Amino acid sequence: MQKGTILVWDPLVRLFHWLLAGCFVFNYLAGARWLELHVLAGSIVAGLLLFRFIWGVLGTPHARFSDFLYSPYQIASHLAGLVKRRVERWVGHNPAGGAMIFALLTGLLLLTASGVALYGAQQDAGPLAVLYAMLDERQLGLLEQVHSWLADAVAALVGLHLFGVAVESAFQKENLVASMIHGRKPLYGKET
Amino acid sequence: MKKNRIWMGSALFAICLGTAVSGIAMGEDEGEWGDRKWSRQGYLREQGVAPVSDKRYASECGACHFAYPPGLLPARSWRRIMSDLDEHFGEDASLSRRTKKVLTRYLVHNAGDVRRDEVSRKLLRRLSAREAPLRITHLPYFRRKHGEIPSRMIAGNPRVRSLSNCQACHTQAARGVFEEETVRIPGYGRWHD
Amino acid sequence: MSRLIFAVMMLITTPSAWGSEAVVQPLLQQYRSEGASNFSAAHGRQIWTTTHVDRRSGKEISCASCHTSDLTRQGRHIRTGKLIEAMAPSRNPERLSDPDKIEKWFRRNCRSVLGRVCTSQEKGDLLMFIQSQ
């Protein structure tokens, strides 16, 4: 029985989410073609990640990492529940969603770091420009591959993320995407 | 959600983004991270190397081979080449002393480690300060870029003959542009990786 | 006298020869003063096409290896592959218009092809040959 709504996602975590999504998608599609924009979007991602890690400690309740850090058992249990079509309602991120967030943040962190390194090694620019003279051609090629591979890995995670959001939305009978826009979720009689 | 926290969070958000963007995407051109002479905007947009601008160099040094833009080698390499023109890769390329002096000055002032155009920086990557290579075709970056081309397209191709014959395939070489899109190998067309 | 009339006629009727004639004649005079005489284009052609063994590659080379034996055609540098404009003044009016350039290329290419300096006789014959193309 719905009893009104509750504001779950603060404006900052929402802004973070969509800005991050936009920048990643743009960079993934544009690649190195418009390098200046690619670097700009990548540096925005770096800033967003920096914010998120701090906000994950000091932010609003459901933005904090402690809110959605679950054990592997709990994650498996939640997924098993999905398969059995057991309806669960979570105010913040459910265990699977939480795991996805950590996976994405880690992937993006590695991706951005490799990007900054590549920017220095290949273009002799940015904070890691020292790498330009330090890496030889072979190492540079490897770095390019690593950055490219990480981008694909994160893209795969994003695909899984979209799938997960769709599935959970259907099972919880809630529009999780809309929630990430206006920040609100329906309140029910019993919350987990 | 406490309002205060949100306001503080917003400030944090702005600071984080500002720091990251200014630190990565908008680094200073000189001083901190390098001593490039070009602005980063023009630098990233620059697609090649400064073309040959000295008419005498073009005519004296472009008769038997492509007049290589000075940006393709470091100054010390040019000095080395110009100091032994009697034995110039097996040919006699000797010049009058005055001509040699004028040409050497042009080359050294526009060398790859001086002008640092995009192609120059890539070509001269990781050369030690002592190395003064004589051949552009032996530079590691050059080898990496041309290593996969079958010999039938170069040595076995009567219209190319040698990797040192840049403009045979690089159609915009005279303008200092060597982008892969501009490459047309005689008898084979575009290069596909 | 007849030679003078002939030269004047050549000057008038062959625009390309105009420039080269003004350059070639003084050079031929200089070679004559060095002991050469009776320059012949036919002999020049012979020098042009005679092959020598290149001391570096062991291959047979001649002037024609780079410039081809048809001076109205483009040549190609035997090592670098670079295209060389036609040597014939009739095709390329800039040819034989600069005495310094002529001497420079004699100095270099005779060394490369013949392995030695060209004699004044050979240079005169070659000039006659090139000019006639």
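Which residues in α1(A) meet which residues in α2(A)? The first legend answers this, after two notes on the model.

This is a predicted model, in which local features need pLDDT of at least 70, side-chain atom pairs count only at pLDDT 80 or more, and totals for chains, interfaces and linings use all residues. Residues are numbered from 1 along each chain as its sequence is written, and chains are lettered from A and ligands numbered from 1 in the order in which they are written.

**View 1. Packing of α1(A) on α2(A).**
From α1(A), the residues A:L12, A:V13, A:F16, A:L19, A:L20, A:C23, A:F24, A:F26, A:N27 and A:A30 meet A:L37, A:H38, A:A41, A:G42, A:I44, A:V45, A:L48, A:F51, A:R52 and A:W55 of α2(A). Two residues are in contact if their C-beta atoms, placed from the backbone, lie within 7 Å. By class, this contact has 16 nonpolar, three polar and one charged residues. Ala, Val, Leu, Ile, Met, Phe, Trp, Tyr, Cys and Pro count as nonpolar, Asp, Glu, Lys and Arg as charged, and the others, Gly among them, as polar. The axes of α1(A) and α2(A) are 9 Å apart, and the helices pack at an angle of about 150°. Axes are lines fitted to C-alpha atoms, for helices over the stretch in contact, and angles run from 0 to 180 degrees between N-to-C directions. The two helices α1(A) and α2(A) are therefore roughly antiparallel to each other. Angles under 35 degrees count as roughly parallel, over 145 as roughly antiparallel, 65 to 115 as roughly perpendicular and the rest as oblique. The crossing of α1(A) and α2(A) is left-handed, a term used if the near helix is turned anticlockwise from the far one by less than a right angle, with right-handed used if clockwise.

**View 2. Packing of α2(A) on α4(A).**
The axes of α2(A) and α4(A) cross at roughly 135° and come within 10 Å. These helices, α2(A) and α4(A), are therefore oblique to each other. α2(A) passes α4(A) in a left-handed crossing. A:V39, A:G42, A:V45, A:A46, A:L49 and A:R52 of α2(A) meet A:L105, A:L108, A:L109, A:T112, A:G115 and A:Y119 of α4(A). The residues of this contact divide into eight nonpolar, three polar and one charged.

**View 3. The largest nonpolar core, with A:V45 and A:L48.**
A nonpolar core is a set of buried Ala, Val, Leu, Ile, Met, Phe, Trp, Tyr and Cys residues joined through C-beta atoms within 7 Å. A residue is buried if 20 or more other C-beta atoms lie within 10 Å of its own, exposed if 12 or fewer, and partly exposed in between, with C-beta atoms placed from the backbone. Of the 35 residues in the largest core, A:V45 and A:L48 touch the most other members. At least two residues each come from α1 (11-30), α2 (35-58), α4 (95-123), α5 (131-134) and α6 (137-172) of chain A together with α1 of chain B. α2(A) gives the most to this core, with nine residues. Not counting residues up to four places away in sequence, A:V45 touches A:L20, A:C23, A:F24, A:L108 and A:T112. Another core, of 22 residues, lies apart from it and includes B:Y57, B:L103, B:V119 and B:F178.

**View 4. Chain B against chain A.**
Here 25 residues of chain B are in contact with 28 residues of chain A. On the chain B side, α1 (3-25), α2 (40-45) and α8 (140-146) are the elements that give two or more residues. α1(B) gives the most to this side, with 14 residues. The residues of the chain B side divide into 14 nonpolar, six polar and five charged.

**View 5. Chain C against chain B.**
Nine residues of chain C are in contact with 14 residues of chain B. On the chain C side there are no nonpolar, four polar and five charged residues.

**View 6. Helices α3(C) and α6(C).**
Chain C has six helices and four strands; helices (H or I, at least four residues) and strands (E, at least two) are DSSP runs, numbered from the N terminus. The axes of α3 (residues 41-49) and α6 (residues 120-132) of chain C come within 7 Å and cross at roughly 100°. α3(C) and α6(C) are therefore roughly perpendicular to each other. C:A41, C:H43, C:G44, C:R45, C:I47 and C:W48 in α3(C) meet C:E122, C:D125, C:L126, C:M128, C:F129 and C:S132 in α6(C). This contact divides into six nonpolar, three polar and three charged residues.
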